[in-house]
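Reader: Hi! Could you walk me through this one? I'd like to start with how the chains meet.
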Amino acid sequence: MARGNPIDSVKGFGVTFKQIFKKPITQQYPEYKRPVYPRFRGRHRLHVHENGLEKCVGCSLCAAACPADCIRVVAAENTADNRVSAGERYARIYEINMSRCIFCGYCELACPFDAITLGNEYEISEYSRDDLIYTKDMLLAEPIKKVPVADRDLYDTPIPYYQEHS
Amino acid sequence: MAIASDRPRIYESSRVPSPIPTVLQVPEELRGSEDLLQVNFGPNHPSTHGVLRLIVDLHGENVVGLEAVIGYLHTGFEKNMEQKTWWKAITYPERIDYLSFQNNELVFVLAIEKLLGLEVPEKATWMRTCLCELNRIHSHLVWLGTAALELGAISMFWYCFRERDSVLDLYEMVCGARMHTRYFQAGGLAEDIPRGFFPEARKFVDWMPKAVDDYERLVDQNEIWLERTKGLGLLSAEDAIALGQSGPVLRGSGVDWDLRRAQPYLAYEQLDFRVPTYPNGDVWDRYKVHMDEMRESTRIVAQCLDRLEGMEGQPWIADDRKVVLPPREELHTSMESLIHHFKIVTEGYRVPEGEVYVALESARGELGCYVVSDGGPKPWRVKFRAPSFVALEATATCMTDALVADLIAIVGSLDTVMGEVDR
């Protein structure tokens, strides 16, 4: 049932041979980190106003929008001697279960106060599932690992407000 | 649906119109024979395209019996979607067939739009066409890479995944995620197209035909490849139709049928493309169909880009405040927008009562979505007609007179994605 002949079979190696003269396209991750595009949805972040008050008012819209049900918000009232957020209430507990999150970004679409955004950090693996439950303090803090981001002007037009600070 | 009349008869004893078995029975005379060896192929065999389990009866090297066991990847997508509002359910279909995710998303979004009677802006329609074709290329590249890898052509795998990565980069740029994008929303697109998309996509469109030529040069004349694909896994046109095949499997059997042309959706009516068909119904022909489709899809993407480039500044999503989230800048200024926003996010939009079936040509064939709405904020029933599941039914028919080594080539050529088979 021989259909090709052995000489023709070798012709295919020409394609392989040509690659010698090309620059490799592989990137030496993790030494080199390719800049992600600005719209890339990674690790979440919570934001604060310039005066230090939290933007989140504990309305739970993000939890309502989440298709994976991975956000838990428990709100409490702001008082005169304990003012946390700019609104009437604040999120006493704000947890995201990162092992359930599907990074669809519905939470940032849902948030009417631009309090939660999806940043560009993607290196969020942990050894234990418990460590993947992000608390409010973790989400409010600056991410430890920074990721380079490609030109926002070119790859994200118009710049949505909610991505400006992420 | 036309069958080429000059098509050579593939093999005698075509089983039409008697029912076609989807299980290959061990012949009467071999039953109970001591020469029979029953082998479990999978469920975690590296060349099963996911967690497919095939129980294979071997007589020497010949496959005499075959039964597919599925369900290892069942996740209950359809049932899960019934628990979510329409808006949230959009994130589910793209995870069913994770290789042609954008087509899966589109079919559900089209079903919602059909029930709502929603008009989609022109820009959204063209961008959807563009992304769906890019997605077809992506899916075919993964197929080609893995199918070739299973037959021992490892360098093919690297080259295919190189191009696949540039498609995924385009997705990352436009949609924010490399695979599961949720970019199509009822009414249009979730976000505008970034300016940087066009030059990058042009680069890809210019490169892709050369890459396909390279793939063909790599294997087309290779003796091993020819031996392992030509004349194997025969599926006649009659059998293919009787088994309900669609997509590359059907077109590889010589049936000229493509939903993009037969029932045009999106912008396919205004596009110039060819539907490749090959007459023999073997593994080789299915491979050729995939190759030609990649070239055609590249042409379609180029045409879409031509149109999209002239549409800057046009709306990308319908202006229907009952369904579409209001623009973000209005949330801080307009009370009415804020109320609509809260209503849509918490309760979801309501879709009129009714049932609808939408079918489109995904990378694997006719992908159908049957949706029933009871008028509430959640779908009452969602059912997908998965082309992979149907393709898997042809395994037993294709396996006539196959050797155990051909089994891998044949299962690979049917291009099944187990996520879609089990759902």
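This is a predicted model: local features need pLDDT of at least 70, side-chain atom pairs count only at pLDDT 80 or more; totals for chains, interfaces and linings use all residues.

Reader: Great. How many residues does the contact take from chain B and chain A?
Author: Chain B gives 48 residues and chain A gives 46 residues. The area buried between these two chains is about 4100 Å², with 52% of that coming from carbon and sulfur atoms.

Reader: And how many salt bridges are there across that interface?
Author: The rule finds 6 salt bridges between chain B and chain A. One of the salt bridges joins the side chains of Asp169(B) and Arg34(A), at 3.7 Å from N to O.

Reader: Nice. Switching to helices: at what angle do H4 and H6 of chain B pack?
Author: Helix H4 (residues 122–150) and helix H6 (residues 197–219) of chain B pack at about 35 degrees, and their axes are 13 Å apart. H4(B) passes H6(B) in a left-handed crossing.

Reader: Which residues meet there?
Author: From H4(B) come Met127(B), Cys130(B), Leu134(B), Ile137(B), Leu141(B) and Leu144(B), and they meet Phe197(B), Phe204(B), Met208(B) and Tyr215(B) of H6(B). By class, that contact has 10 nonpolar residues, with no polar and no charged ones.

Reader: One last thing: where is His340(B)?
Author: His340(B) sits in helix H12 (residues 335–346) of chain B.

Reader: Is His340(B) buried or exposed?
Author: His340(B) counts as buried because its relative accessible area is 19%, and the cut-off for buried is under 20%.

Reader: What does His340(B) touch?
Author: Leaving out residues up to four places away in sequence, His340(B) touches Arg321(B) and Lys322(B).

How values were computed: Residues are numbered from 1 along each chain as its sequence is written. Chains are lettered from A and ligands numbered from 1 in the order in which they are written. Side-chain values use heavy atoms; hydrogens and water are left out. Axes are lines fitted to C-alpha atoms, for helices over the stretch in contact, and angles run from 0 to 180 degrees between N-to-C directions. Helices (H or I, at least four residues) and strands (E, at least two) are DSSP runs, numbered from the N terminus. A crossing is left-handed if the near helix is turned anticlockwise from the far one by less than a right angle, and right-handed if clockwise. Contact means heavy atoms within 4.5 Å. Ala, Val, Leu, Ile, Met, Phe, Trp, Tyr, Cys and Pro count as nonpolar, Asp, Glu, Lys and Arg as charged, and the others, Gly among them, as polar. Buried means under 20% relative accessible area, exposed over 50%, partly exposed in between (1.4 Å probe, protein chains only). Buried area is the accessible area (1.4 Å probe) that two parts lose on being put together, summed over both. A salt bridge is a side-chain nitrogen of Lys or Arg within 4 Å of a carboxyl oxygen of Asp or Glu.
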